[in-house]
Amino acid sequence: MTNTDNVRHKTEYNDTRNDLFCRNNVVSLNSFKIKKKEEEKKYIMEKQKVYIADADGDELAEFFTNSDRYSLVGRSADGNEVIKDVKLYKPDFLIMEIMLAGMDGFLVMENIKKEMKENAPKIIFVSSLSHSGFISKAIKEGASYFMVKPVKPENLSERMKDLCMVRSSSQGIEKQLDEKISNIFISIGIPAHIKGYQFLREAVKLAVEEPEIIGSITKKLYPTIAERFDTSSSKVERGMRHAIEVAWNRGKIENINSLFGLKIYNSNEKPTNGELIALIADKMIMEG
């Protein structure tokens, strides 16, 4: 083979490789675009309910009324009426000014979060009050976003869309965590039908989100779970202890030792509620 043939052969090889590389990139890019479009289509199909708490919200109200993504379910500039309507209509988003009649936006948010808990809407403050103290207070107390007036409805819509995407991702992660915890409980012999199973699962999730809560198990962990299940702290503690006793009586002690790769317990001893919660939470955190 001559030098000219070698050069031509090498050039053809590189051209083929580059062509394949470009085609693969196009396929990957197209796949990404298709996936993104599917997510956006799903978002559009699931109309988000919006409530506006603002006396100057005419432009926003018109935008959401004519939108294919949102459904305006109510509007008021009276704080007390806002609380009543939000509990009734259960919107996905509450767009709110800080200055309201009867009760300011911060108190409205506090009441809604306290009464609706995990069913509370995502709260976005759209306010003419631009001092950093107001913004910090809003975010610290649970607002999802803060925008200073004047606000273009299209920009607000984009922020709402971002929050919806984050929520979908968070729900997927939470589902994975639930499955991991459930698999561990089943393997160590905690039956799913007893109340202590639910208490322990909620406790592990709380400890993953807020590891320091283990240090306040009686003052914070038990009361938090009790509130979520509409029961007492003492019943939560007893329910967890009963679930652990059931597991140990089933003789699956070796399963927990193998899970953590250490001989932590023997048949004559069992962990306290706090120890088991901390062990499983640490495992979840380490595994990501």
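**Entry 1: K149 and its partner**

I started with K149, which forms a salt bridge with E97, the closest N and O atoms being 2.9 Å apart. The pair joins distant parts of the chain, 52 residues apart: K149 sits in the loop between β5 (145-148) and α6 (153-187), and E97 in the loop between β3 (93-96) and α4. My cut-off for a salt bridge is a side-chain nitrogen of Lys or Arg within 4 Å of a carboxyl oxygen of Asp or Glu. For the element names I used DSSP runs, numbered from the N terminus, with helices (H or I) of at least four residues and strands (E) of at least two.

A note to myself on what I am looking at: this is a predicted model, where local features need pLDDT of at least 70 and side-chain atom pairs count only at pLDDT 80 or more, while totals for chains, interfaces and linings use all residues. Residues are numbered from 1 along each chain as its sequence is written, and side-chain values use heavy atoms, with hydrogens and water left out.

Next I asked myself: is E97 buried or exposed? E97 is buried, at a relative accessible area of 3%, whereas K149 is partly exposed at 25%. The scale I kept to has buried under 20% relative accessible area, exposed over 50% and partly exposed in between, with a 1.4 Å probe and protein chains only.

I then followed the charges onward and found D54, E97 and K149 linked in a network of salt bridges. K149 had one more thing to show me: a cis peptide bond joins it to P150, with omega about 0°. P150 lies in the loop between β5 and α6.

**Entry 2: other charged pairs**

How many salt bridges does the structure hold? I have 10 on my list. Side chains of opposite charge can pair when their charged atoms come close.

I looked up E202 and R228, whose side chains meet in a salt bridge at 2.5 Å, N to O. E202 belongs to helix α7 (residues 195-209) and R228 to helix α8 (residues 217-228), so this pair ties together parts that are 26 residues apart in sequence. E202 counts as buried at 15% relative accessibility, and R228 as partly exposed at 45%.

I also checked E115, which forms a salt bridge with K87, the closest N and O atoms being 2.5 Å apart. Here E115 comes from helix α4 (residues 105-116) and K87 from helix α3 (residues 79-89), 28 residues apart. Both ends are partly exposed, E115 with a relative accessible area of 42% and K87 with 39%.

**Entry 3: the nonpolar cores**

Which residues touch the most other members of the largest nonpolar core? I found F185, I190, M240 and I277, out of 31 residues. The elements giving two or more residues to this core are α6, α7, α8, α9 and α11 (273-287). The largest share, seven residues, comes from α7. A second, separate core of 21 residues includes V82, M109, F125 and A143. By nonpolar core I mean a set of buried Ala, Val, Leu, Ile, Met, Phe, Trp, Tyr and Cys residues joined through side-chain atoms within 4.5 Å.

I then picked F185 and listed its contacts (heavy atoms within 4.5 Å). Leaving aside neighbours within four places in sequence, F185 is in contact with I190, Y197, L200, R201, V204 and I280.

**Entry 4: helices**

Among the residues of α9, I noted V236, G239, M240, A243, I244, V246, A247 and W248 as buried.

How do α8 and α11 pack, and at what angle? I read about 70°, with axes 12 Å apart. That makes them roughly perpendicular to each other. I217, L221 and Y222 of α8 make the contact with N273, G274 and I277 of α11. My axes are lines fitted to C-alpha atoms, for helices over the stretch in contact, and angles run from 0 to 180 degrees between N-to-C directions. Angles under 35 degrees count as roughly parallel, over 145 as roughly antiparallel, 65 to 115 as roughly perpendicular and the rest as oblique.

**Entry 5: positive phi**

Last, I looked at backbone angles. K90 has a positive phi of about 50° although it is not a glycine. K90 lies in the loop between α3 and β3 and is partly exposed, with a relative accessible area of 49%. K117, another residue other than glycine, has a positive phi near 50°. I placed K117 in the loop between α4 and β4 (122-127), where it counts as partly exposed at 37% relative accessibility.
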